[in-house]
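Reader: Could you put the sequence and the structure up, and then talk me through the packing?

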Amino acid sequence: MTDATNLWPLAGIAIVVIGFALRANPLAVVVAAAFGSGLGAGLGVSEVIAALGKAFHQNRYVSVPWLVLPVIGLMERAGLQEQARSLIARTRAATASRILLFYMALRQITAALGLTHVAGHPQTVRPLIAPMVEAAAIRDDPAITKESREKIKAMAAATDNVGLFFGEDIFLAIASILLIKGFLEGAGIIVQPLELSVWAIPTAIAAFLVHGFRLWRLK
Amino acid sequence: MIGLPELYTLTGLVFAGWAVATLLDRQHPRRWRAAAFWGGIAAEFLVGDRFGDFGNGLAVLALVALALSGAPGKGRPATSTEPERQRQTARWGNRLFLPALIVPGVALGGTFLLPRLGGLVDPKQVTLISLGLGALIATAVLLIWFRPPASAAVQEGRRLAEGVGWAMILPQLLASLGAVFAVAGVGDIVGALAPLAIPEGSRLAAVLAFTGGMALFTMLMGNAFAAFPVMMGGIGLPVLVAGMDGNPVVVGAVGMLAGFCGTLLSPMAANFNIVPAALLELSDRYAVIKAQWPTAVAMWLFNTAMIWGFAFK
């Protein structure tokens, strides 16, 4: 570290923070941040455009899971959401809390087995879990407000995230474990994936207890 | 060998289908712009290899400009009516859940079986290919079972895609921002500055700086993978492992999980936080983050305590 260190590449981070705080359109924020950091690092405008284009093209795999949207849409067309709702409306034991607790356990266990794509927001939350918890909440409190309904649907999405994040690292071959192993290897420290993944177990259990407690208290 | 190129072609065709369906939808208020938006994404997947880096960059700017001018908006994709769906549920009952098992089932089976087909499938891409295969099989089953018009697969997908809207390209764009940050050397600067925040000799302060840095930098980048090399290289290895004789396995494994807590709090993690809010048609873009922040904070405290308590002998 010398005084001569160029801090201008951090402009992109500042743009991200300010942009999201102002609730500006995230796409515009991201492009502005790319230019802020790129120009700050001394790149030219066309170089920033090329860097962004190259990365966008290489990262196409991120958008591949949208392939499932036609399937979800066809299932909804056939009445899947209505069936999920009517099943829950008839099953008094299936409260919103219990549905989400069950889903959380399922998501953590499948993620721990490396099956991260078995469930997810488009695959399971939108067509099944969200309509189920909403139906359970309406059945148990017919006077529920739109705001509370949205909160409980948001909780369904949150439960998917928490279950995935604190389950997947138990799997040996997941990208994050391989990244840690690779990074330590680069520093001359050889570790086995198993050594890393057992350290994900205490956090997985804690996540189930913490988030499960919040779900159990859900009204 | 079946790998990413085939998957990209399939994805490109799905987006191209939405572009055509949008053009034909005369009730769409902004159909040209919307069709250009879907068509642009389709072009990225189908012929983006020929655009070159600068050309792809211009395509990105065009997509963002279209999004800011109201694309893709909402049209009137043909779908079933409420009474039609009630008739279906009365007729099929819980059997309607069966198609919902196809995509997870194929993902599960494919993960185990596809690598054994000897070179037919790119072993590195088994998960995504299983997902694509599951989507194809499920679409075929649903079309044969319920006999909707053949265009339904395109129209129903478009209905959901319009619900998600411009947020559909946000995850891919955010991943690209990470690459631009790397080119600009953002991580190196943060890694150089981070150790300056630690008071000399305090173990707890050093652990807090590490896990706090992981969570904070993950929030900024939207991805713990981007934060990990920076914080592990800046604080984890030099200060905790080399300086204080910490266990690199615990510091690395639990440090990554502290980063995941930041993912739960960040709008930059669009795939997990912003896109689901759009998919569930929630009026507050940040509703999912608001639902998960207490869990995230509690788990961050837990992970910090784990490193503080177990990484040092």
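Predicted model: local features only at pLDDT ≥ 70, side-chain atom pairs only at ≥ 80, totals over all residues.

Reader: Okay, chain B then: how many helices and strands does it have?

Author: Chain B has 14 helices and 0 strands, where helices (H or I, at least four residues) and strands (E, at least two) are DSSP runs numbered from the N terminus. Taken along the principal axes, the C-alpha atoms of chain B fill a box of roughly 70 × 45 × 45 Å.

Reader: And what percentage of its residues is buried?

Author: Of the 313 residues in chain B, 55% are buried; a residue is buried if 20 or more other C-beta atoms lie within 10 Å of its own, exposed if 12 or fewer, and partly exposed in between, with C-beta atoms placed from the backbone. Among the contacts in chain B with a separation of 6 or more, 72% are between residues 24 or more positions apart, a contact being two residues whose C-beta atoms, placed from the backbone, lie within 7 Å.

Reader: Which residues have the most contacts inside the largest nonpolar core?

Author: They are A:V133 and B:M231, in a core of 189 residues; a nonpolar core is a set of buried Ala, Val, Leu, Ile, Met, Phe, Trp, Tyr and Cys residues joined through C-beta atoms within 7 Å. The largest share of this core, 12 residues, comes from helix α11 (residues 224-243) of chain B.

Reader: What does A:V133 touch, neighbours within four places in sequence aside?

Author: Apart from those neighbours, A:V133 is in contact with A:A96, A:I99, A:L100, A:I152, A:K153 and A:A156.

Reader: Back to α11(B): at what angle does it cross α10(B)?

Author: The axes of α11(B) and helix α10 (residues 203-221) of chain B cross at roughly 165 degrees and come within 8 Å; axes are lines fitted to C-alpha atoms, for helices over the stretch in contact, and angles run from 0 to 180 degrees between N-to-C directions. The two helices are therefore roughly antiparallel, given that angles under 35 degrees count as roughly parallel, over 145 as roughly antiparallel, 65 to 115 as roughly perpendicular and the rest as oblique. The residues of this contact of α10(B) with α11(B) divide into 15 nonpolar, 3 polar and no charged, where Ala, Val, Leu, Ile, Met, Phe, Trp, Tyr, Cys and Pro count as nonpolar, Asp, Glu, Lys and Arg as charged, and the others, Gly among them, as polar.

Reader: Now the interface: how many residues are in contact on each side?

Author: There are 101 residues of chain A in contact with 117 residues of chain B. On the chain A side, the residues that touch chain B comprise 67 nonpolar, 22 polar and 12 charged.

Reader: Which residues of α9(A) meet α11(B)?

Author: A:S176, A:L179 and A:F183 in α9(A) do so, meeting B:A224, B:F225, B:F228, B:P229 and B:M232 in α11(B). By class, this contact of α9(A) with α11(B) has 7 nonpolar, 1 polar and no charged residues.

Reader: Changing topic, where is the cis peptide bond?

Author: The cis bond joins B:A71 and B:P72, with omega about -5 degrees, and B:P72 is in the loop between α3 (52-68) and α4 (82-92) of chain B.

Reader: What about phi at B:D245?

Author: Phi of B:D245 is near 60 degrees, a positive value in a residue other than glycine. Most residues other than glycine have a negative phi, and most peptide bonds are trans. B:D245 is in the loop between α11 and α12 (248-265) of chain B.

Reader: Why does B:D245 count as exposed?

Author: B:D245 counts as exposed because it has 10 C-beta neighbours inside 10 Å. B:E281, also not a glycine, has a positive phi of about 55 degrees, and is found in the loop between α13 (270-279) and α14 (287-310) of chain B.

Notes
Residues numbered from 1 in each chain as written. Chains lettered and ligands numbered in written order.
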